[in-house]
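Open the model in your viewer and keep the selection panel at hand.

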Amino acid sequence: MKPVNFDYARPADVGAVLALLDDQSRAVKLMAGSQSLGPMLNMRLVQPDLIVDLTGVAELRRVEETAGDLVLGACITHADIEDRRVPDVTRGALPTVASGIAYRAVRNRGTIGGSLTHADPSADWVSMMAAVGARVRLRGPSGERTLPIEQFIVGALEVDLAANEVLVSVVIPKLSSRARWGYYKLCRKPGEFAHAIGAFVTDPERGLCRVVIGATETRPYIVTDARHLLGDVAAGGPAHKVDPATVDAFMAEQGMHDPVDRQIHVTAFRRAIEQAR
Amino acid sequence: MKGEAKSQGIGASVLRREDDRLLRGRGQFVGDIKLAGLKDVAFVRSPLAHAKVHAVHVPEAERGRRIFAAADLDGVKPIVAITALAGFKVSEQPVLAVDKVRQVGELLAMCVADTRAQAEDLAAMVELDLEELPAVHDMVQALEPGAPLLHEHWGDNVFLESAMDVNIEAAFDAPVKITRTIRTARQSMAPMEGRGTVAVWDHRMEQLVLYTGSQMPHIVRNGIAECLGLQQRQVRVISPDVGGGFGYKGILLPEDVCLGWLAMRCGHPVRWLEDRREALTASANCREHYYNITAYADRDGRLRGIDCTAIVDSGAYSSYPFSACLEAAQVVSILPGPYDFPSYRCKTWSAATNKCPILPYRGVARTGVCYTMELMIDAIAREVGMEPYEVRLKNLVQPEQMPFDNITRKHFDSGDYPEALRRAMAAIDLPAIRARQQRGEPDGRLIGVGHSIYCEQAAHGTSVYAGWGIPMVPGHEQATLRVTPDGGLEIRVGVHSHGQGMETTLAQVANEILGIPVDRIKVVHGDTEYTPYSTGSWGSRCAVMAGGAVATASREIAKLVKGIGSHLLQAGSDDVNLVDGKVVTATGSVSIEEIAHTWYRRPQDLPAGIDPRGLETTIGFKPVRDSGTFSYAAHAVVVAVDPEAGDIELLNYVIVEDGGKLINPMVVDGQVYGGLAQGIGTALYEEMNYDSSGQPLASTLADYMLPGPTEVPAPAIDHMETLSPYTEFGVKGIGEGGAIAPPAAIGNAVNDALRPLGAELYQSPMTPRRVLEAIRAARQRASAQTVAEGV
């Protein structure tokens with residue numbers, strides 16, 4: 001199939017993007033790397049009147065470091081992170097996860113902002129950004145607001161982003177040397193969407209102890225205080241102390257009723273712990 | 001010179017001549033064809049699996065101009081693929097649906113515009129008034145009493161019942177009796193290039209010219225002429241480069257007929273290029289089988305009998321030309337595979353369901369049959385406590401039995417099946433794997449080894465297909481050979497390459513006999529205007545049939561060349577020989593170039609009585625027996641199964657193949673690699689599911705998973721070359737074999753790996769979920785047993 005006829009704009013700054021979004025008379029869709037939107041356009045699952053291409057907005061490619069955080073513009077690509085063209089403040093977590101996203105061709109174009117906004121529960125960033133405690137900055141006509149990922153993503157393919165807002169950047173906390181992380185995904189073959197993701201980040205100095213179970217039917221399960229799931233790992237202990245039954249029960253509580261699904265997700269989680277760095 | 005000429009003949013791994021253009025992106029596929037004024041077509045398709053069509057509302061301004069519904073297609077006949085088999089029920093597939101739709105994706109209207117996107121805009125303007133009916137979404141459900149009916153006047157959902165019983169009662173007292181239910185998933189054939197058609201009416205030639213990627217252009221011409229009421233002279237079918245066929249380019253689609261009709265009226269060329277969604281969900285699927293099978297055996301592993309019922313999900317319509325029942329009827333005759341046993345009963349049903357038609361995909365029914373039979377052999381081995389290869393060796397047809405007529409009267413031409421198996425077992429090193437299993441793996445994975453063996457009947461001819469009575473029965477295969485005025489050679493054949501490399505291999509056959517260098521030989525195929533009639537490329541028949549025709553015609557050309565050459569050498573025609581492209585006597589020689597120059601350019605040098613056929617001939621070929629060649633292979637594989645995640649990794653893969661004499665061993669290896677990749681897809685990845693309303697659940701390649709380079713190991717391939725006594729040079733057809741054995745070999749390896757857990761898996765693809773479910777079921781059985789014993 002082919003897309004419907006649409007207009008195309010490539011503004012140079014966020015203000016112009018917001019002005020275009022403000023047009024109530026037509027359906028506007030923002031496009032960054034177009035790695036998810038492209039196929040959806042082709043299948044006419046989305047039929048916009050106007051596509052606003054964000055790749056010409058310099059601000060969205062900007063990278064800033066503050067004392068505690070790294071701020072990545074929404075249009076930073078997976079490959080930028082994989083190749084460490086942007087600084088790594090996560091003890092290798094983000095570059096490692098980036099290198100496993102889909103295929104290189106997708107990573108060259110796909111962006112962190114696009115991935116988080118699309119909010120596919122099987123996507124790597126949705127889980128890993130939540131695990132690391134990242135926040136997103138959203139800008140609209142009345143100014144900017146900042147949300148932690150777990151508040152931004154409200155469901156499968158569903159985010160707290162108004163029609164006249166744009167995600168401008170992702171704020172990633174700098175991890176200390178005492179931080180540990182793990183990420184494991186199960187997928188049928190390299191490049192395919194995961195069918196189970198386990199992720200965790202602990203950093204005693206930043207008070208981080210987070211677990212994410214991803215590739216779920218609904219929004220990934222994000223646990224911001226995961227001491228009960230991580231067991232001794234939270235305190236820097238050995239990996240094998242994690243209790244699968246506790247994790248299994250947690251997932252059942254979250255509404256994952258199929259025992260095979262739970263088993264696959266427990267496995268992904270355990271392996272994330274076993275491979276903790 | 002002699003050595004050089006020899007190196008291009010039979011048995012030489014000549015580089016494929018077509019690869020220069022194909023690998024540089026210079027191939028010409030249907031999608032590359034640009035004609036002035038070309039417009040694109042998109043179809044309005046049924047969103048429902050089963051529904052009454054009350055109305056197709058087309059905006060008045062567009063009706064008959066840019067949008068066409070069934071009522072507009074005056075004089076177009078439906079596609080009907082009959083068989084002569086007793087009890088076969090005929091389906092009529094209207095090219096645009098009339099009263100009813102019977103599958104998602106069935107065509108309801110045709111829209112034409114300057115671009116595909118605009119044609120889709122038109123399609124979105126058409127409003128459908130459909131009344132949904134309950135759908136038949138599963139082949140087992142199709143046969144249940146009270147199931148909804150697809151073709152009401154049939155009274156049931158059965159295209160055909162097939163059955164055979166050979167002394168089954170004699171097996172009933174066997175000490176070992178094992179019954180299993182086995183299923184293979186519905187699949188998409190998924191060639192890289194989808195279907196596509198460009199149609200234009202040529203006023204000068206008074207001809208509908210149809211460019212369509214097809215394995216069988218002459219059969220498409222038959223079908224188009226019949227549906228559109230044209231004379232054969234008014235239809236020309238051109239199949240340019242074809243990006244993979246596998247059976248999918250072996251059927252006539254309603255889209256082809258629609259475009260032909262439109263091109264005859266609209267005054268400009270029209271094009272339809274199938275997209276992946278249409279390919280996956282609408283046009284055709286394959287492979288979906290259900291078996292309930294019982295094996296009877298003695299305690300020493302000797303097979304006493306097989307008793308089986310099977311259903312094949314044939315979809316909504318009988319597709320042209322192979323029909324809806326090729327596959328299920330074939331199950332009856334080929335289930336015994338390469339085994340010799342005394343009792344057999346099998347009954348099958350071709351079930352009509354609200355899904356797109358099934359068609360014969362590479363390996364046809366053999367992949368499902370091999371999976372079923374070989375899983376049963378391993379189940380017997382486990383039951384009697386033998387190694388599976390020992391059970392196979394006890395039951396395989398033996399070399400001294402050749403030629404051999406098996407229990408279903410299949411005629412095996414030659415071969416040493418036990419030797420293929422022994423070589424495969426040696427190459428996979430069974431003792432080393434058993435020792436490794438004893439040690440266990442540091443990562444907790446379970447190692448399994450499995451193997452399978454099959455026979456592939458190829459190039460079956462008139463005697464086989466006359467009984468089927470489908471719209472296409474192969475007869476003599478013809479080739480036209482013509483020496484050109486410069487001493488080169490043109491070969492014209494009605495079969496067509498969709499990746500097989502026949503531009504190279506058929507030239508090698510001619511080179512073997514005539515000594516003309518391969519780069520001076522042009523193979524013309526894929527055009528009804530230029531080639532002799534043929535049923536085309538299917539059934540692994542081209543090397544045997546077209547190769548045989550080229551060999552036969554080359555010998556005729558050799559006689560003609562020698563006739564002129566002997567005159568030029570002043571010798572008797574019996575006193576000359578043709579050696580390396582020269583006619584020679586004891587004292588002199590004359591080249592084919594000089595002979596051709598004389599015939600075409602200097603006829604004044606020829607005597608009055610020269611053979612007036614010149615240097616051109618058309619001649620037909622049939623093997624000595626046309627019941628088919630039997631190639632075969634043993635596959636062996638080592639897998640690692642992750643019992644926590646359900647993942648399966650292939651660690652080592654071995655293939656011992658016997659394709660008779662190999663024309664080009666490198667091309668044969670290519671066929672085996674490609675088949676293996678598809679077999680791995682069947683075994684582990686590919687699955688076209690439908691929900692209970694008949695909606696296909698995989699409409700993109702994100703949902704329909706194909707193996708990629710990281711999933712296909714490089715196999716070790718060993719060749720045996722047992723000649724067929726019936727064919728030119730002893731060649732056998734091998735095009736499909738690679739895709740037949742992998743699901744069985746991998747399935748047996750997985751069950752071997754799962755054996756310590758007491759789990760068995762009898763359904764393909766063997767996905768992580770199915771592996772984990774099998775393990776869970778085994779644990780539940782074990783704990784239930786423990787409880788029972790405790791009580």
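**Interface, then cavities**

Select chain A and chain B together: 14 residue pairs, both at pLDDT 80 or more, are in polar contact between them (N or O atoms within 3.5 Å; within protein, one must be able to donate a hydrogen and the other to accept it, and residues adjacent in sequence count only if both atoms are side-chain atoms). Next pick helix H11 of chain A, residues 259-274, which with 8 residues gives the most to the side of chain A that touches chain B (helices are DSSP runs of H or I, at least four residues, and strands are E runs, at least two, numbered from the N terminus).

This is a predicted model in which local features need pLDDT of at least 70 and side-chain atom pairs count only at pLDDT 80 or more, while totals for chains, interfaces and linings use all residues. Residues are numbered from 1 along each chain as its sequence is written, chains are lettered from A and ligands numbered from 1 in the order in which they are written, and side-chain values use heavy atoms, leaving out hydrogens and water.

Show Asp258(A) and Arg769(B): their salt bridge has its closest N and O atoms 3.1 Å apart (a side-chain nitrogen of Lys or Arg within 4 Å of a carboxyl oxygen of Asp or Glu). The interface holds 7 salt bridges.

Now move to the largest cavity, about 150 Å³ (on a 1 Å grid over the protein atoms alone, points where a 1.4 Å probe fits but cannot get out; lining residues have an atom within 4 Å of a point; the volume is the space filled by probe spheres set on the points, joined across faces, edges and corners). Among its 18 lining residues, Gln93(B), Gln103(B), Pro254(B), Ala282(B) and Ser283(B) are the closest to its centre.

Finish at the second largest cavity, about 100 Å³, where H9(B) supplies the largest share of the lining, 5 residues.

Definitions and conventions:
1 Å grid on protein atoms, 1.4 Å probe; cavity = no way out; pocket = protein on both sides within 12 Å on 5 of 7 lines; lining within 4 Å.
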